[in-house]
Amino acid sequence: MTQIPDFFKNIDVSITVCDTEGIVVYMNEKSKSVFGDKTGQSMMPCHQPRSQEIIRRMIEKDENHIYTISKNGLKKLIYQTPWHEDGKVMGLIEYSMVIPEEMPHYVRS
């Protein structure tokens, strides 16, 4: 069987994946450089109680959570979404990417 390459390993977007218990099952290199390697550990202690509740709700209700933040002088888009296997929520994926303060916006039809 052909091994599928890890397309996300070295892209300039932080990708972190956890299971339904909040255990980190995957981090790409960008994510590890930001948070340290948390693979196999619970991500819950890294979050405030409000954020922990949002995480639980996203898993339970199969919901996305999308927002922007400013941190260390950088504006970031945070996109958190459930991942599925055979139609069942298996955990969450978080994409975190730096976005310019001023960014073009195009309307396309």
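Me: Is aspartate 12 buried or exposed?
Reply: This is a predicted model, and the relative accessible area computed for aspartate 12 is 60%. Because the class of exposed residues begins over 50%, aspartate 12 counts as exposed.

Me: Which residue forms a salt bridge with aspartate 12, and which parts does the pair tie together?
Reply: The closest N and O atoms of the pair are 3.0 Å apart, and a salt bridge requires such atoms within 4 Å. One partner lies in helix α1 and aspartate 12 in the segment before β1, so parts that are 18 residues apart in sequence are tied together.

Me: How many residues apart in helix α1 are lysine 32 and glutamate 29?
Reply: Lysine 32 and glutamate 29 form a salt bridge whose closest N and O atoms are 3.8 Å apart. Lysine 32 is partly exposed, with a relative accessible area of 27%, and glutamate 29 is partly exposed at 33%. About one helical turn separates the two, because their spacing in helix α1 is 3 residues.

Me: Which element supplies the largest share of the lining of the largest pocket?
Reply: The largest pocket holds about 660 Å³ of space, and of the 28 residues that line it, the closest to its centre are Phe35, His47, Tyr67, Gln80 and Glu94. By class, this lining has 16 nonpolar, 7 polar and 5 charged residues. Several elements each supply at least two of the lining residues, including β3 (65-71) and β4 (74-85), but the largest share, 5 residues, comes from α2.

Me: What volume does the second largest pocket have?
Reply: Elements that each supply at least two residues of its lining are α1, β4 and β5, and by class the lining has 5 nonpolar, 4 polar and 4 charged residues. The volume of the second largest pocket is about 180 Å³.

Me: Which residues form a nonpolar patch on the surface?
Reply: One member, phenylalanine 8, lies in the segment before β1 (14-19) and counts as partly exposed, because its relative accessibility is 43%. The patch has about 300 Å² of accessible area together, and its members are Phe7, Phe8 and Ile11.

Notes. Residues are numbered from 1 along each chain as its sequence is written. This is a predicted model: local features need pLDDT of at least 70, side-chain atom pairs count only at pLDDT 80 or more; totals for chains, interfaces and linings use all residues. Side-chain values use heavy atoms; hydrogens and water are left out. Patches are made of residues with over 30% relative accessible area and no salt bridge: like charges are joined within 9 Å, nonpolar side chains (Val, Leu, Ile, Met, Phe, Trp, Tyr) within 5 Å. Accessible areas come from the Shrake-Rupley method with a 1.4 Å probe; for residues, only the protein chains shown count as cover. A salt bridge is a side-chain nitrogen of Lys or Arg within 4 Å of a carboxyl oxygen of Asp or Glu. Helices (H or I, at least four residues) and strands (E, at least two) are DSSP runs, numbered from the N terminus. Buried means under 20% relative accessible area, exposed over 50%, partly exposed in between (1.4 Å probe, protein chains only). On a 1 Å grid over the protein atoms alone, a cavity is a set of points where a 1.4 Å probe fits but cannot get out, and a pocket is an open set with protein on both sides within 12 Å along at least five of seven lines; lining residues have an atom within 4 Å of a point. Grid points are joined across faces, edges and corners, and a volume is the space filled by probe spheres set on the points. Ala, Val, Leu, Ile, Met, Phe, Trp, Tyr, Cys and Pro count as nonpolar, Asp, Glu, Lys and Arg as charged, and the others, Gly among them, as polar.
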